[in-house]
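Let's take a walk through this model together, strand by strand and then into its pocket. Have the sequence and the 3D view at hand.

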Amino acid sequence: MGRIWRLKCRDLGLQTASDCCRHLKLLSTQNKRESMTSIANPNQAEYWNGDAGSAWVKHQERLDAVLAPFTEASLLAMGEIKGLRLLDVGCGCGESTEMLAERQADVTGLDISAPMIARATERSAKSGAVQFVCGDAATFQDNAGFNRLY
């Protein structure tokens with residue numbers, strides 16, 4: 001597991017989402033050779049940490065509204081999740097992660113996009129019910145494990 005993509009903003013003592021995003025971008029630039037070995041698809045990392053991730057953050061509320069029927073249907077399909085440990089793969093700006101947490105699951109949101117993880121962290125700062133990790137789902141590891149993937 002590459003240390004760059006497993007960083008947790010709060011663990012670093014970064015106070016704002018923008019600080020986290022700047023820090024992750026700086027690390028990925030400084031350690032490009034190392035980060036490429038911990039990412040299964042560097043093109044995806046580059047894409048989602050560039051204009052695409054920034055655009056998604058900018059239009060996050062509109063995109064969440066458009067995707068709401070699909071998000072709700074997929075959450076219903078999960079059945080009872082109270083007390084389960086879940087990994088929300090490709091969590092984006094955290095809408096589905098928050099909805100899973102509202103159903104009383106212990107949720108970790110994972111996304112390769114630093115701008116989107118920064119936005120998710122910013123949105124959830126008040127509740128503190130979830131954790132977000134900037135990382136590649138293909139190489140992500142967690143020693144505690146998860147009951148389900150979303």
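Predicted model: local features only at pLDDT ≥ 70, side-chain atom pairs only at ≥ 80, totals over all residues.

Strands E1 (85–89) and E2 (106–111) run parallel and are joined by five bridges. (Strands are DSSP runs of E with at least two residues, helices are runs of H or I with at least four, and both are numbered from the N terminus; two strands pair if DSSP finds at least two bridges between them.) E1 also pairs in the parallel sense with E4, residues 148–149, over two bridges, and there Leu86 has Arg148 as its bridge partner. E2, for its part, is joined to E3 by five bridges, again running parallel, with Thr108 opposite Gln131.

Now for helix H6 (95–102). Together, E1, H6 and E2 make a right-handed β-α-β unit; right-handed here means that, with the strands pointing away from you, the path from the first strand over the helix to the second runs clockwise. H6 is largely enclosed too, because six of its eight residues are buried. Those are Ser96, Thr97, Glu98, Met99, Leu100 and Ala101, and what covers them includes H5, E1, E2, H7 and E3. After H6 comes Gln104, with a positive phi near 65°.

Finally, the largest pocket. A pocket is an open set of points on a 1 Å grid over the protein atoms alone, where a 1.4 Å probe fits, with protein on both sides within 12 Å along at least five of seven lines; lining residues have an atom within 4 Å of a point. The volume of the largest one is about 440 Å³, counted as the space filled by probe spheres set on the points, which are joined across faces, edges and corners. Of its 24 lining residues, the closest to the centre are Gly90, Cys91, Gly92, Asp111 and Met116. H3, H5, H6 and E2 each give two or more residues to the lining, and H5 has the largest share, with five.

Terms used: Residues numbered from 1 in each chain as written. Heavy atoms only, no water. Buried < 20%, exposed > 50% of the residue type's maximum accessible area, 1.4 Å probe, protein only. Contact = heavy atoms within 4.5 Å.
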